[in-house]
Amino acid sequence: MNLLDYLPGVPNFPKPGILFRDISPLLANPSAFKKATLQLEALSQQFDYSHILGIESRGFIFGTALAYQTHKGLALARKPNKLPLASHRESYGLEYGSDSLEIAQSSLPAGSRVLIVDDVLATGGTIIAASKLLKKAGFEVAGAITFLEIAGLHGGEVLTQNGIANKTVFIA
């Protein structure tokens with residue numbers, strides 16, 4: 001089973017020049033999703049971490065599956081204004097605009113070592129923002145893993161240059 005067959009590219013979405021990778025076919029196939037989760041688990045074993053941070057929204061899916069598989073706690077990096085409690089916020093640029101992430105101040109215990117999980121790594125901006133957000137909230141960043149890195153955008157290199165150890169299942 002080639003998992004890349006379950007990640008069709010949608011050209012020019014959400015803006016011209018962007019190739020969107022749709023994870024819906026992968027999620028709809030239980031065998032493919034299980035294999036993807038097991039591959040992420042294998043990558044996660046290369047990091048020393050106590051908790052996982054899933055990035056809204058598709059990072060929630062892989063983060064939740066990985067937290068369940070590894071018996072680790074899960075925190076969520078949310079889009080702005082979705083958290084009722086006091087939170088930390090970090091803004092960042094995207095290849096097609098800008099956005100912000102927030103994390104509730106009470107979401108993780110003090111001293112947590114956090115592994116950032118997202119579905120697709122493009123330019124690295126979202127994971128860099130998540131890393132800054134975790135540090136601002138007083139947590140340690142263990143590293144980052146993604147299911148797919150978009151070839152040609154060099155997001156993994158950008159993360160490494162920003163001091164974030166990272167691994168990905170596929171580069172395509």
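This is a predicted model: local features need pLDDT of at least 70, side-chain atom pairs count only at pLDDT 80 or more; totals for chains, interfaces and linings use all residues.

I took helices (H or I, at least four residues) and strands (E, at least two) as DSSP runs, numbered from the N terminus. I number residues from 1 along each chain as its sequence is written, and side-chain values use heavy atoms, with hydrogens and water left out.

**Entry 1: the loop between strand 1 and strand 2**

I started with Asn12, which sits in the loop between strand 1 and strand 2. Its phi is near 60°, a positive value in a residue other than glycine. Next I checked the bond between Phe13 and Pro14. It is a cis peptide bond, with omega about 5°. Pro14 is in the loop between strand 1 (9–11) and strand 2 (19–21).

**Entry 2: either end of helix 3**

I found another cis peptide bond, from Glu56 to Ser57, with omega near -5°. Ser57 lies in the loop between strand 3 (51–55) and helix 3 (58–70).

Then I went to His71, in the loop between helix 3 and strand 4 (73–77). His71 is not a glycine, yet its phi is positive, about 60°. Is His71 buried or exposed? I call a residue buried under 20% relative accessible area, exposed over 50%, and partly exposed in between (1.4 Å probe, protein chains only). His71 has a relative accessible area of 73%, so it is exposed.

I also looked at Lys72. It lies over the face of Tyr49, at 4.8 Å from the ring centre. For this I needed NZ of Lys or CZ of Arg within 6 Å of the ring centre and within 35 degrees of the ring normal.

**Entry 3: aromatic pairs**

I pair rings of Phe, Tyr and Trp (its six-membered ring) if their centres lie within 6.5 Å; planes under 30 degrees apart are stacked, over 60 edge-to-face, the rest tilted. How many aromatic pairs does the structure hold? I got four.

One of them is Phe13 with Phe20, edge-to-face, at 5.2 Å centre to centre and 85° between the planes. Phe13 is partly exposed at 42% relative accessibility. Phe20 is also partly exposed, at 24%.

Phe62 and Phe147 form a stacked pair, 5.5 Å centre to centre, with 10° between the planes. This pair links distant parts of the chain: Phe62 is in helix 3 and Phe147 in strand 8 (residues 140–149), 85 residues apart. Both are buried. I noted that ring pairs link Phe33, Phe62, Phe147 and Phe170 into a cluster.
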